[in-house]
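Trainee: I would like to go through this model with you, one question at a time.
Mentor: Go ahead.

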Amino acid sequence: MLKTLVAIPERCTGCHRCEMWCSIRHKGVINIERAAVHVIRQLPSIDDPRVCLQCGICIDSCPKDLITRNKKTGAVEIDKGKCTHCGYCILSCPYGMITFDPVDGHAVKCDLCGGQPECVKHCREEAILYMDADKAARHRRDANSKRDRQESKKPNIRQSKAG
Amino acid sequence: MDYFGYMGKVCHVDLTTGTVSIEPPVERDLQRFLGCSGYAAKMLWDGVRAKVDPLSDKNKIVFATGPLTGSLCPSGGSYELCFKSPLTGVWCQARSGGAFGPRLKKAGFDHLVVEGKSDRPVYLWIRNGNVEIREASHLWGKGVEQTTDVILQEIGDPDASVAAIGVAGENQVHFAAVINDRGRAAGRGGGGAILGSKNLKAVAANGTLDLKVAEPEAFIKSIQKAEEALDKYPFENINQFGTSLLVNILNANGCLPTRYFQYSTFDKAEEISGELLAEKYLIKRRACYGCSMGCGRYSSVDEGKWQTPPQDGPEYETINMLGALCLNSDLASIIKANYLCNDLGMDTISAGSVIAFAMECFEKGILTKKDLDGEELRWGDSEAVVALLEKIAQRRGIGKILADGVRSAAAHFGADTIALHSKGMELPAHEPRGESKTLGLQYAVSHRGACHMHPNWASTWDAGNFESGLREFGMPWPPADKFAETGHQKGVAYRLVVLQGEIVEILGCCVFHSWGAADQCLTPQLYGEMLRTLTGREITNQELMLAAERSWNLKRCFNVREGLRRKDDALPELMFKPLPDGPNKGLHMKDLQGMLDEYYEALGWDKEGIPTRETLKKLDLEDIAKSLGQ
């Protein structure tokens with residue numbers, strides 16, 4: 001079965017090792033600004049690893065058709081050698097998971113390391129997992145449901161004004 | 001030239017003239033001292049003359065990183081603040097984790113050297129090789145937390161790292177800390193006071209620059225080896241309970257400093273333990289940049305009179321110094337006190353120590369209510385502990401005297417025999433009489449004064465039984481009895497413990513990953529492999545040890561130049577009196593002089609503790625010997 005990445009923020013200690021491993025594997029240097037996985041620190045107390053869902057929304061955005069789905073791994077990959085740095089894929093991603101590389105200018109996007117993601121291999125906290133697609137789907141449903149329920153508890157000021 | 005591992009740039013900021021100059025490192029010194037506090041020691045040796053007043057514009061302070069800082073090395077989240085200390089008057093280095101060191105490198109610099117004095121409050125914003133000196137008058141008087149918030153907003157980069165001083169640093173409290181990333185402290189020795197004396201409120205750093213790797217595939221292999229070793233790390237609970245796990249362990253082993261070192265066990269240890277902290281107040285564990293261990297605590301108190309917002313810590317030292325040392329068993333009050341120390345920018349170790357000292361003075365009638373604004377100061381009074389922290393930071397009332405540290409306060413009160421320090425540095429929360437005699441030796445000889453961690457956990461060999469890869473370099477094995485003093489090769493063994501720690505310090509790492517069997521921790525051999533593959537520099541493990549020894553000797557020479565001699569390698573009288581309680585009842589330091597002889601001999605120092613000319617020559621430090629007049 002195809003696999004994909006799932007992040008569990010409750011486990012993350014904010015060490016940034018996933019980003020460092022990502023950059024050395026893909027760029028041969030250590031530079032978290034060039035990684036395709038991002039650990040966001042939310043004050044006061046959350047470290048939140050964000051991973052690409054491989055949803056494929058970006059595929060249609062590329063004017064040169066350089067973004068394709070790898071049939072073997074399920075990863076949505078950019079043909080970096082031909083990338084013209086136009087930025088359309090960055091605009092298209094609703095999750096903000098495609099970025100410009102600050103050094104070489106290419107679009108940076110997770111490619112699942114060909115099916116052996118480094119971020120997963122080296123996370124001692126198991127805060128990023130590589131899961132079978134159906135389990136990952138279950139996890140995403142639960143996480144989204146939890147988030148939506150939490151959001152519904154917040155007072156909606158505009159609504160109460162209208163009422 | 002191309003630099004790998006290093007950023008290859010040193011930034012000098014002169015606040016008197018407002019000038020910034022950027023230079024490549026001196027290659028010969030980089031080869032000799034490798035980086036971080038070693039390279040900084042050479043810069044301060046060259047740049048700060050003997051007898052300079054630490055709080056004058058003639059003093060300099062270095063924010064130092066090493067080649068492994070911000071790399072994938074699992075202990076590489078550190079920077080060292082290096083300076084001549086206002087608390088001790090001699091060499092000081094204070095390590096801090098968090099993300100500041102790695103972010104300083106991403107901003108383009110291995111070292112940041114600050115000298116002179118600004119005529120108004122300023123902060124530095126360093127990004128991708130650019131250094132801006134910015135107005136900070138609106139931040140003066142503000143705590144670290146708020147200062148950090150405002151700066152991050154002004155520079156518009158929420159991921160940047162801010163190292164700031166609080167009110168204590170502004171008021172030049174002699175043990176004021178520099179706090180980075182809101183809650184990580186370059187704590188000891190008063191680096192914060194130096195920033196305060198220079199009108200430098202903070203340094204913010206971030207960037208997008210690469211840390212280049214000379215041999216990526218080989219480096220990756222060495223990191224994998226390091227990760228595998230740490231999977232077997234013997235302190236398996238340290239990520240669960242952080243350093244605070246030591247409260248119960250040291251109490252059970254009769255070496256938990258209690259009631260200003262009068263006792264070595266605390267009947268209420270359980271109430272301030274790491275286990276209780278994890279159960280009641282811990283929000284999460286938080287790791288320094290690149291650390292796979294993640295011993296950092298992150299906690300809050302949500303209700304009651306000690307309500308405290310989420311904050312890094314408290315760590316073991318804080319818990320014990322503001323807890324058992326003052327007979328304070330209210331853990332929530334300690335969390336509050338820790339928060340205050342971070343926000344005011346003060347070293348929790350020295351702060352706890354001067355408060356416990358004042359409590360003892362009150363008990364003995366040396367201090368009275370008259371000296372204390374009409375208030376009492378009794379053992380275990382958590383409210384008094386918290387109130388005193390504010391007074392010290394603001395130099396109000398008795399705080400004005402305590403703010404200069406225990407040595408100075410004791411001279412003021414005529415209480416020299418009670419004060420517990422070495423070279424003016426307050427004893428931290430480890431009890432040499434009950435933990436190990438090597439720790440007693442380290443308290444006496446450590447360059448920055450009484451310290452359990454500079455440059456290594458002293459007891460790793462004789463109390464810990466950890467080999468840590470050192471047998472290859474001649475470590476006597478098996479270890480001697482931890483309570484033995486002379487005649488057991490402790491000088492030889494301790495030299496190797498020192499060099500192991502110094503390697504970590506000059507490479508820009510944290511020493512917490514260093515203890516275990518040879519395959520269970522980050523050994524000198526592993527550090528050598530990571531260093532070679534990262535930097536591409538040919539350096540054997542023996543040469544790495546030699547660089548560490550060179551650095552350790554240079555720092556000693558720094559102190560010798562300031563006039564320190566054998567008599568200054570001393571311990572407080574109390575350490576020679578028997579422990580009255582616990583499993584180590586009756587034990588005490590006996591022959592420190594004999595231990596000094598063995599240590600000096602192992603390092604090739606003369607009877608006064610001065611590195612001999614031959615020793616310095618052997619270490620390729622003839623220039624240092626020459627300027628020492630040898």
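This is a predicted model: local features need pLDDT of at least 70, side-chain atom pairs count only at pLDDT 80 or more; totals for chains, interfaces and linings use all residues.

Trainee: Which strand of chain B pairs with β2(A), and in which sense?
Mentor: Residues are numbered from 1 along each chain as written, with chains lettered from A and ligands numbered from 1 in written order. Strands are DSSP runs of E of at least two residues, and helices runs of H or I of at least four, numbered from the N terminus; two strands pair if DSSP finds at least two bridges between them. Over two bridges, the partner of β2(A) is β13 of chain B (residues 211-212), and the sense is antiparallel.

Trainee: What is the bridge partner of A:Ile30 in β13(B)?
Mentor: A:Ile30 is bridged to a residue of β13(B). That partner is B:Leu211.

Trainee: Which element gives the most to the side of chain A that touches chain B?
Mentor: Contact means C-beta atoms, placed from the backbone, within 7 Å; 19 residues of chain A meet 24 of chain B in this way. Both α1 (17-27) and β2 (29-30) of chain A supply at least two residues of that side. With four residues, the element that gives the most is α1(A).

Trainee: Is B:Lys618 buried, exposed or partly exposed?
Mentor: B:Lys618 lies in helix α23 (residues 613-618) of chain B. Buried needs 20 or more other C-beta atoms within 10 Å, and exposed 12 or fewer. Because B:Lys618 has 16, it is partly exposed.

Terms used
Two residues are in contact if their C-beta atoms, placed from the backbone, lie within 7 Å.
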